[in-house]
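Trainee: I've got a model open and I'd like to learn how to read it piece by piece. Can you walk me through it?

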Amino acid sequence: MNRPLRSHSDASSRNGLLEDLHRVRDLTVRLCDPLSAEDCVVQSAPETSPAKWHLAHTTWFFENFLLLPYLPKYRPFHPRFGFLFNSYYESVGEFHPRLQRGLLSRPSLEEIKAYRVHVDQHMVMLLEAPESANAGEVGARVTLGIHHEQQHQELLLTDIKHLFACNPLRPTYREAKSPDSRTNPSLDWLRLPAGMYAFGHDGDGFAFDNEMPRHRRYLDEFSLASRPVTNAEYIDFIAAGGYRQPTLWLSDGWRKVNEARWTAPLYWERQNGEWWQMTLAGYRRVEPSEPVCHVSYYEADAFARWAGKRLPTEFEWEAAAGTQTPGGNFLESGRLHPQSARGGASQFFGDVWEWTQSAYSPYPGYRPPAGALGEYNGKFMVSQLVLRGGSCVTPATHIRASYRNFFYPQDRWQFMGIRLAA
Ligand SMILES: [Fe+2]
């Protein structure tokens, strides 16, 4: 089922692109099946968005960047949806404030589903029309829209998890499949020699602009842990007073720990001497052998310092991940939670996004694309850190070794974990 998505360069058949588009668009709707209409309205934090907004914004992306410019005589489904569902594209026009996305009880969920059907039908018309001189650009934008929608599938699930964790009823999004393994995984170190390594997208298949240009860098010899840090190891850090020792923390991190009164990862609670956590399958005990997740960069960095190690750079991560077989616990596994490492599995891909110590910056020679789509990635290249590898709610066909995710150091609501370096 995890056939790679086509890129515009190999979409000799537009039917193939259309098939990928349908597959990804259908999955977004199916991810909302366990949700009530009320679940879809609420925005539980400034950084999250309501499910309804994700459904509409991904649709606006196709309407705005494909149907309006390339389908003759196309008329917008609703004259104000461009204002409501543009996320951050200043060059497209004004948009509704991000912090007020949860106030939109209208349009209704049904209206937004009708918006999706309307745009999907017109996308078929666009892709089944005789090829025009714009065929290359249309193919590239449809491919981008598909990968954009996959990013929002992950956000939809992390935002619902945050919302449900705010609810004392502790709702279950979906019952969990039982885990494959619960043995405490051994820890080895993968040593890579000093030398020149190549980084970034190698030209095969789709990649975002921020993964380019491919370039070379010199790395000193380094070692990476063979698996992410487990809950058991993180509990040791907590028990050793990790959250109370200022010398372990970056200055901004120590301020955040004290302001927010952090004493454990997001979603963890102490009950009768045991750690419990909220998951997409409801409230349950913290399983010691699973990778720790929902930690900020500050916590990842403090843990690494306590352990006498450090976090990897994104380049060390990519050099090591390139030697590993892709595959792992992604959205399609249905587990929706990180799993304990199984014999020899390195978990570079899937389970948890891994914080790196690298600032999210442009690669040498990077230029954002011309026009509004140049706002997709480039303008966020300040004050954020790179995470690598994808998580248990990332679609399997979305990830690759060169993929750069980025968040602010205090963010915790994504499935963020820790891999140590030395
Ligand atoms: Fe978006």
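Predicted model: local features only at pLDDT ≥ 70, side-chain atom pairs only at ≥ 80, totals over all residues.

Trainee: Which strand pairs with β7, and over how many bridges?

Mentor: The general idea is that strands of a sheet pair through backbone hydrogen bonds, either parallel or antiparallel. Here, β6 (residues 274–279) pairs with β7 in the antiparallel sense, over four bridges.

Trainee: What is the strand order in the whole sheet?

Mentor: Read it as β5-β6-β7, an open sheet of three strands with antiparallel pairing. The edges are β5 (268–271) and β7 (282–285); each has a single partner strand, so one side of each is left without a neighbour in the sheet. From one strand to the next, the twist averages 35 degrees.

Trainee: Now the helices. At what angle do α2 and α4 pack?

Mentor: For a helix pair, look at the angle first, then the distance between axes. Helix α2 (residues 51–70) packs against helix α4 (residues 109–128) at about 30 degrees, and their axes are 9 Å apart. Angles under 35 degrees count as roughly parallel, and α2 and α4 are therefore roughly parallel to each other. Their crossing is left-handed.

Trainee: Which residues meet there?

Mentor: On the α2 side, they include Leu 55, Trp 60, Phe 62 and Leu 66, and they meet a set in α4 that includes Ile 112, Tyr 115, Val 119 and Met 123. By class, this α2 and α4 contact has 13 nonpolar, three polar and three charged residues.

Trainee: And how do α1 and α4 lie, roughly parallel or roughly antiparallel?

Mentor: The axes of α1 (residues 14–31) and α4 come within 10 Å and cross at roughly 170 degrees. The cut-off for roughly antiparallel is over 145, and α1 and α4 are therefore roughly antiparallel to each other. Among the residues in this contact are Leu 18, Leu 21 and Arg 25 of α1, with Asp 120, Met 123 and Leu 127 of α4. The class count for α1 with α4 is eight nonpolar, two polar and five charged residues.

Trainee: Last one: which residues coordinate the iron ion?

Mentor: The iron ion is coordinated at 2.2 Å by the NE2 atoms of His 57, His 148 and His 152. Along the chain, the donors follow the spacing H-x90-H-x3-H. His 57 lies in helix α2 and His 148 in helix α5 (residues 135–165), so this pair ties together parts that are 91 residues apart in sequence.

Methods:
Residues numbered from 1 in each chain as written. Heavy atoms only, no water. Axes fitted to C-alpha atoms, helices over the stretch in contact; angles between N-to-C directions. Helix = DSSP H or I, 4+ residues; strand = E, 2+ residues; numbered from the N terminus. Parallel < 35°, antiparallel > 145°, perpendicular 65-115°, else oblique. Left-handed = near helix turned anticlockwise from the far one by under 90°. Contact = heavy atoms within 4.5 Å. Nonpolar A, V, L, I, M, F, W, Y, C, P; charged D, E, K, R; others polar. Pairing = 2+ DSSP bridges. Donors = N, O, S within 2.8 Å, 3.2 Å for Na, K, Ca; no water.
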